[in-house]
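Biologist: I have a chain open on my screen and would like to talk it through with you. Could you put it up on your side as well?

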Amino acid sequence: MAAIAATSTSIAVTALFTTLKAAPFSFSALPYLLPPPRVSSTPFSTSFKFSESKRSSLLQVKASSSEETSVDTNEFLTELKEKWDAVEDKSTVLLYGGGAIVAIWLSSIVVGAINSVPLATKVLELVGLGYTGWFVYRYLLFKSSRKELAEDVEELKKKIAGT
């Protein structure tokens with residue numbers, strides 16, 4: 001009896017896979033609700049053929065420059081070099097820069113791991129929405145609280161700048 005059940009199961013699975021292979025554009029074993037798409041023997045329709053000159057003219061991208069927005073790369077590089085030469089402790093700057101890159105890399109790994117847990121993403125979205133709602137109510141809704149937020153930001157700027 002068990003052999004018959006196993007045989008019928010394997011036949012059903014084989015039939016399912018052959019059905020999936022027979023329908024090249026279908027991703028389920030369910031029948032089409034609409035008629036199946038036409039499969040032409042030629043890969044492209046003749047109405048979409050362009051000559052090579054027309055095709056290349058469609059794909060050309062031209063860059064335009066405006067004197068207001070143009071950036072002189074030589075000027076930028078000289079300023080960057082001057083600022084780098086003005087730095088006294090270059091090893092500390094490189095160490096902090098490398099540490100920042102490693103921190104970003106590790107945080108992307110942690111976020112990817114949390115994102116792979118199905119329920120955690122929805123819970124974190126709810127936490128983010130709740131915090132956003134609280135922040136808007138606490139700091140942005142009323143004029144006095146907006147003034148308080150502006151004062152707090154200015155105080156933080158002074159702490160960071162050291163003035």
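Biologist: Where do glutamate 154 and lysine 157 lie?

Modeller: Both glutamate 154 and lysine 157 lie in helix H6, three residues apart, which is about one turn of the helix; helices here are DSSP runs of H or I with at least four residues, strands are runs of E with at least two, and both are numbered from the N terminus. This is a predicted model, in which local features need pLDDT of at least 70 and side-chain atom pairs count only at pLDDT 80 or more, while totals for chains, interfaces and linings use all residues. Residues are numbered from 1 along each chain as its sequence is written, and side-chain values use heavy atoms, with hydrogens and water left out.

Biologist: And what do the side chains of glutamate 154 and lysine 157 meet in?

Modeller: They meet in a salt bridge, at 3.5 Å from N to O, the term being used for a side-chain nitrogen of Lys or Arg within 4 Å of a carboxyl oxygen of Asp or Glu.

Biologist: Is glutamate 154 buried, partly exposed or exposed?

Modeller: Glutamate 154 is partly exposed, with a relative accessible area of 40%, and lysine 157 is also partly exposed, at 48%; buried means under 20%, exposed over 50%, and partly exposed in between, with a 1.4 Å probe and protein chains only.

Biologist: How many salt bridges does the structure hold?

Modeller: The structure holds two, and one of them joins arginine 138 to glutamate 148, where the closest N and O atoms are 3.0 Å apart. Arginine 138 belongs to helix H5 and glutamate 148 to helix H6 (residues 143-161), so this pair ties together parts that are ten residues apart in sequence. Arginine 138 is partly exposed at 31%, and glutamate 148 is partly exposed at 30%.

Biologist: Switching topic, at what angle do H4 and H5 pack?

Modeller: Helix H4 (residues 90-116) and helix H5 (residues 118-140) pack at about 105°, with their axes 5 Å apart; the axes are lines fitted to C-alpha atoms over the stretch in contact, and angles run from 0 to 180 degrees between N-to-C directions. That makes H4 roughly perpendicular to H5, since 65 to 115 degrees counts as roughly perpendicular, under 35 as roughly parallel, over 145 as roughly antiparallel and the rest as oblique.

Biologist: Which residues in H4 and H5 meet?

Modeller: Ile114, Asn115 and Ser116 in H4 meet Pro118, Ala120, Thr121 and Leu124 in H5, contact meaning heavy atoms within 4.5 Å.

Biologist: What about the whole chain, how many helices and strands?

Modeller: The chain has six helices and zero strands, and buried residues make up 3% of its 163 residues.
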